[in-house]
Amino acid sequence: MIEVKADALEASFEGIEMPAVVARPMLAGGRAPSGGFASYVRSGATVEMKALAGTADDTGGYAIPREIDAEIDRTLASISPIRGIANVVKVGSAGYRKLVTSGGTPSGWSAETGARTQTDTPSFHEIVPPTGELYAYPAASQAMLDDAAFDVEAWLAQEIASEFARAEGAAFVAGNGTNRPKGFLAATLSTANDATRTFGQLQYVPSGAAGDFGSNPQDRLIDFVATLRSPYRQGAVWVMNSSTAARIRKFKTSDGAFLWQPGLQMGVPDTLLGYPVVEAEDMPDVAANSLSIAFGNFKAGYLIAERTETSILRDPYSNKPFVHFYATKRVGGCVSNSEAIKVLKFAAS
């Protein structure tokens, strides 16, 4: 009798049973974020730790995904021209060392049965590029980050790339080596040639006049090129700023031909005496005793050592309602082969 009543009671609820899933209208702002990192940048609530490389958990930061890191590298190569022509190596710590030999291995001649005397061995030089923490500290309001039409990752990459490129460009040219790279213009200078100059010193060639090219400037440039030995001239480039380049573009030979040849195709650089010209705005303008022009093989002559990843820390608390992004990257640099780079000094001697 009890079972019969329970069956009737159960049947009375069958008509009003609710479905398992209730359809509800989407609330404003409820759109799902495009990715884990984008969600973290917008709200700090979600972290997706994929595509990371070389970041320890106890550093307190988060590595940028590889897509953003790759975009930063590509932008740096175009904004900071020294990075595009130098030797860039990826390192895992600040203790990077490089060995460079000088002097070569002398040889000798002998008869078939003649005595052989011992020959000299090359000299080793240890290169230790000064390293510093390169950082950027951009900020955005939380309202901007909440805007669904705002591309957070592209903005973050561009902000960091612009700041890193500006600082790198200046340091690779004239950095003093204190908590930053040492630029090639900060190296010790000498007028001695490669055979007699101390390793580590750059050779400079005087222009013939203080703050000017002196007489026959085209001949001065030809002699300047000849100071770089032929093995290094394969792959050599000119480095100067746009103001200096504008002056040199007007130089002509005795028969009226321009020394400067513009690149006629996209991607083909302008050339001066047959060598590509790289415009670096961090190079000084022409003035008395200025080092306004460099010529050399920077792949062989200048070394850039950097950590493989950029770390970023999100800080929404220090300056509300702004969200700060603290990005750091360890970068070092110095002259690795002083025979491969020459500089032109605008002085009489």
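The model is predicted, so local features need pLDDT of at least 70 and side-chain atom pairs count only at pLDDT 80 or more, while totals for chains, interfaces and linings use all residues. Residues are numbered from 1 along each chain as its sequence is written, and side-chain values use heavy atoms, with hydrogens and water left out.

Let us begin with charged partners. Side chains of opposite charge can pair when their charged atoms come close. A salt bridge here is a side-chain nitrogen of Lys or Arg within 4 Å of a carboxyl oxygen of Asp or Glu, and the whole structure holds 13 of them. One of these joins K90 to E306, with the closest N and O atoms 2.4 Å apart. This pair ties together distant parts of the chain, since K90 sits in strand β2 (residues 87-91) and E306 in strand β14 (residues 302-307), 216 residues apart. Helices (H or I, at least four residues) and strands (E, at least two) are DSSP runs, numbered from the N terminus.

How open are the two partners? We call a residue buried under 20% relative accessible area, exposed over 50% and partly exposed in between, using a 1.4 Å probe and protein chains only. E306 is buried, with a relative accessible area of 1%, whereas K90 is partly exposed at 45%.

Another salt bridge connects R166 and E163, whose closest N and O atoms are 2.8 Å apart. Both residues belong to helix α6, three residues apart, about one turn of the helix. R166 is exposed at 53%, and E163 is partly exposed at 29%. The side chains of R197 and D194 also meet in a salt bridge (2.8 Å, N to O); here R197 is buried at 10%, and D194 is buried at 14%. Salt bridges that share partners also join R83, K90, E168, E306 and K329 into one network.

Now look at helix α7 (residues 217-226), where P217, Q218, L221, F224 and V225 are buried. Seen down the axis of α7, these buried residues fall within an arc of 120°, so they line one face of the helix. That arc is taken from the directions from the helix axis to the C-beta atoms.

Y135, Y137, L313 and Y326 make a nonpolar patch of about 410 Å². Of these, Y135 lies in strand β5 (residues 131-136) and is partly exposed at 49%. A negative patch is formed by E279, E281, D282 and D285. Its member D282 is in the loop between β12 (275-279) and β13 (291-296).

Most residues other than glycine have a negative phi, and most peptide bonds are trans. N289, however, has a positive phi near 65°. N179 has a positive phi too, about 55°, and lies in the loop between α6 (152-174) and β7 (189-190). Finally, a cis peptide bond with omega of about 5° joins K320 and P321, and P321 is in the loop between β15 (311-315) and β16 (322-335).

Technical notes: Patch = residues over 30% accessible without salt bridge, like charges linked within 9 Å, V, L, I, M, F, W, Y side chains within 5 Å. Areas by Shrake-Rupley, 256 points an atom, 1.4 Å probe, with all protein chains shown as cover. Lys, Arg positive; Asp, Glu negative; His and termini not counted. Charge placed at Lys NZ, Arg CZ, Asp CG, Glu CD.
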